[in-house]
Amino acid sequence: MSTTTACGPAQDSGYRAVLGSPHVARLLGGTLIGRLPTGMAPIAILLLVRAEHSPLALAGTLVALYSLASALGQPLLGRLVDRHGQTRVLITATATASSAFLLLPCTGPARHPVLAALTVLVAGLATPPLEAGLRALWPVLLPDAECQRTALSLDSSSQGLVFVAGPLLATGFAAGIGATTALVATAALGLLGAGLVVTARPSRAWTPVEFTEAVHWTGPLRVPGLRVLFAALIGTGVALGAVNVLALSAAERHHAGWLAGVMPAALSIGSMLGGLAYGRRAWPGAPAKHLVAASIGFAAGWLPLLPDPAPAVAVLGAVLPGTFLAPLLTAASLTVDRLAPQGESTEAFAWLIACIGVGQAAGTALASLTTSPLLVAAVPLAGAAFALWLLHRFNDRLSV
């Protein structure tokens with residue numbers, strides 16, 4: 001007679017067991033497809049504006065506005081999910097964001113930049129909280145704590161695909177058919193992914209907790225440990241946001257245009273490899289300790305890029321910090337799951353995503369302020385070091 005675990009048959013283990021559990025593959029796949037617009041939209045917006053021969057400054061402003069709005073909208077939508085369930089919020093948000101993507105070419109960004117800015121603002125604010133929603137579902141899908149850790153590792157490492165496949169898809173559609181088609185595809189993939197999620201039984205059945213008393217307006221931010229974690233993740237986001245500028249700067253200096261795309265992709269590949277390795281076994285210590293250990297590796301990983309290495313070395317160098325990124329994010333998610341107040345998990349996970357997004361916007365801006373190779377390379381190191389300092393200094397607040 002065979003026994004079973006929370007994930008599946010006893011002979012199964014790790015990722016096979018998690019993916020073989022009911023609804024997991026569908027929800028994970030749907031979330032990844034539904035999040036592709038996050039990776040596609042910035043490139044699609046940029047290509048659309050440039051196709052109209054508008055200034056690069058306008059294109060960059062619209063992309064920055066979209067990215068910032070996308071980050072800031074997550075906690076609000078996460079709070080709505082915690083109050084009203086996933087189905088209505090995800091359907092409404094996805095429909096709004098997709099409509100905005102379809103409307104953007106009609107605004108004529110070159111002739112009506114204010115209207116275009118309002119459109120990308122709506123698209124960003126309405127970005128559906130699919131990732132936060134999935135992470136709130138893991139305890140329901142996989143009651144076993146070890147299976148949840150494995151699932152979170154798979155979740156965190158696979159998110160890199162969004163930022164590898166997304167830009168490639170947007171560029172491919174724009175080159176093959178036109179920049180407008182790239183935005184149509186962005187809207188369509190968002191609808192497809194969200195549709196796979198909201199029609200899955202666990203998402204439909206997920207019900208919010210009934211609060212017996214009024215919740216403080218700050219939500220999960222009233223928890224000291226979460227404030228420390230979210231502040232540290234802004235530093236992590238700074239490092240990630242500076243990578244694109246660092247790659248572009250190195251590509252121009254070394255006359256290697258391919259480096260601008262390959263270097264960020266190498267970081268994402270490193271993240272996927274590191275996350276899969278982290279999730280394959282149980283590691284000693286609490287997630288709060290794992291946060292510090294992963295942050296040390298993430299910060300140290302930027303050091304080889306300081307001396308402006310040759311392109312091939314720079315690509316390999318970008319893999320190194322990426323190796324520690326997914327373990328860091330997995331440990332952060334486990335910490336959020338432990339510290340989030342009851343009934344506020346979706347909003348708490350949405351704050352995690354939002355703080356990384358805000359950090360990315362800041363990192364891109366900071367790295368763009370200088371032309372010195374050393375200073376550009378110092379921005380991601382500084383962001384990662386700031387995150388490490390906070391996590392080490394206030395680690396006791398992250399432990400339960």
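## A walk through the predicted model

Start by colouring the protein by pLDDT, the predictor's confidence in each residue on a scale from 0 to 100: helix 8 (residues 160-176) has the lowest confidence, with a mean of 83, while helix 4 (residues 86-107) has the highest, at 96. Helices here are DSSP runs of H or I at least four residues long, numbered from the N terminus. Now select residues 1-6, where the pLDDT is below 50; this stretch still has seven contacts in the model beyond near neighbours in sequence, a contact being heavy atoms within 4.5 Å. Residues 8-13 are also below 50, with six such contacts. Across the protein the average is 88, and 94% of the residues score at least 70.

Some housekeeping: this is a predicted model, so local features need pLDDT of at least 70 and side-chain atom pairs count only at pLDDT 80 or more, though totals for chains, interfaces and linings use all residues. Residues are numbered from 1 along each chain as its sequence is written, and side-chain values use heavy atoms, leaving out hydrogens and water.

**Stop 1: Arg135.** Select Arg135 in helix 6 (residues 130-141). Is Arg135 buried or exposed? Arg135 counts as buried because its relative accessibility is 4%, and buried means under 20% relative accessible area (exposed is over 50%, partly exposed in between; 1.4 Å probe, protein chains only). Show side chains and you'll find a polar contact from Arg135 to the side chain of Asp155, at 3.2 Å. That term covers a pair of N or O atoms within 3.5 Å; within protein, one must be able to donate a hydrogen and the other to accept it, and residues adjacent in sequence count only if both atoms are side-chain atoms. Leaving aside residues up to four places away in sequence, Arg135 also touches others, including Ser333, Phe349 and Leu352.

**Stop 2: the second largest pocket.** Stay with helix 6, which gives the most to the lining of this pocket, four residues. Helix 14 and helix 15 each supply at least two. Of the 18 lining residues, select Ala136, Trp206, Val209, Gly343 and Ser345, which lie nearest the centre. The volume is about 250 Å³. On a 1 Å grid over the protein atoms alone, a pocket is an open set of points with protein on both sides within 12 Å along at least five of seven lines; a cavity is a set where a 1.4 Å probe fits but cannot get out, and lining residues have an atom within 4 Å of a point. Points are joined across faces, edges and corners, and a volume is the space filled by probe spheres set on them.

**Stop 3: the largest nonpolar core.** Select Leu229 and Trp302, the residues with the most contacts inside this 56-residue core. Helix 11 (224-253) supplies the largest share, 13 residues. Such a core joins buried Ala, Val, Leu, Ile, Met, Phe, Trp, Tyr and Cys residues through side-chain atoms within 4.5 Å. Among the residues Leu229 touches are Leu291, Val336 and Leu398.

Stop 4: His255, in the loop between helix 11 and helix 12, has a positive phi of about 55° although it is not a glycine. His255 is exposed, at 73% relative accessible area. Next, pick Asp308 in the loop between helix 13 and helix 14: also not a glycine, with a positive phi of about 55°, and partly exposed at 25%.
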